[in-house]
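Subject: Structure handover

Hi,

Here is the structure I promised to pass on. My notes on its charged side chains follow below.

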Amino acid sequence: MSDSEHAEHATGYYYVDTLRTLQDNTPIWGVRRPDGSWRMEMGTAEMHVRRDHAERSAGQLNQINNLTPPQV
């Protein structure tokens, strides 16, 4: 991913996004870093089958790094 593509997704905090969709339309969730890149885990993008697990991961990363995403 180029710098401009990262910037397109940059938010300043960790957040959940669809990493990819399986053939049966099941979403696989990932966590984007504040710069818009995917958070990596063991050399590959961090993946979650359940969105709530991805949300928990992003929330913990925001808390650890003192980042505050906008409240929805």
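Buried means under 20% relative accessible area, exposed means over 50%, and partly exposed lies in between (1.4 Å probe, protein chains only). By that scale, Arg 50 is partly exposed at 48%.

This is a predicted model: local features need pLDDT of at least 70, side-chain atom pairs count only at pLDDT 80 or more, and totals for chains, interfaces and linings use all residues. Residues are numbered from 1 along each chain as its sequence is written, and side-chain values use heavy atoms, with hydrogens and water left out.

Confidence: the chain averages a pLDDT (the predictor's confidence in each residue, from 0 to 100) of 90. Of the residues, 90% score at least 70.

Salt bridges: the whole structure has 4. The criterion is a side-chain nitrogen of Lys or Arg within 4 Å of a carboxyl oxygen of Asp or Glu.

- Arg 32 and Asp 17 pair at 2.8 Å, N to O. Arg 32 is buried at 5%. Asp 17 is partly exposed at 22%.
- Arg 50 and Asp 52 have their closest N and O atoms 2.7 Å apart. Asp 52 is partly exposed at 35%.
- Glu 55 and Arg 51 come to 3.0 Å between closest N and O atoms. Both are partly exposed: Glu 55 at 38%, Arg 51 at 38%.

Best wishes
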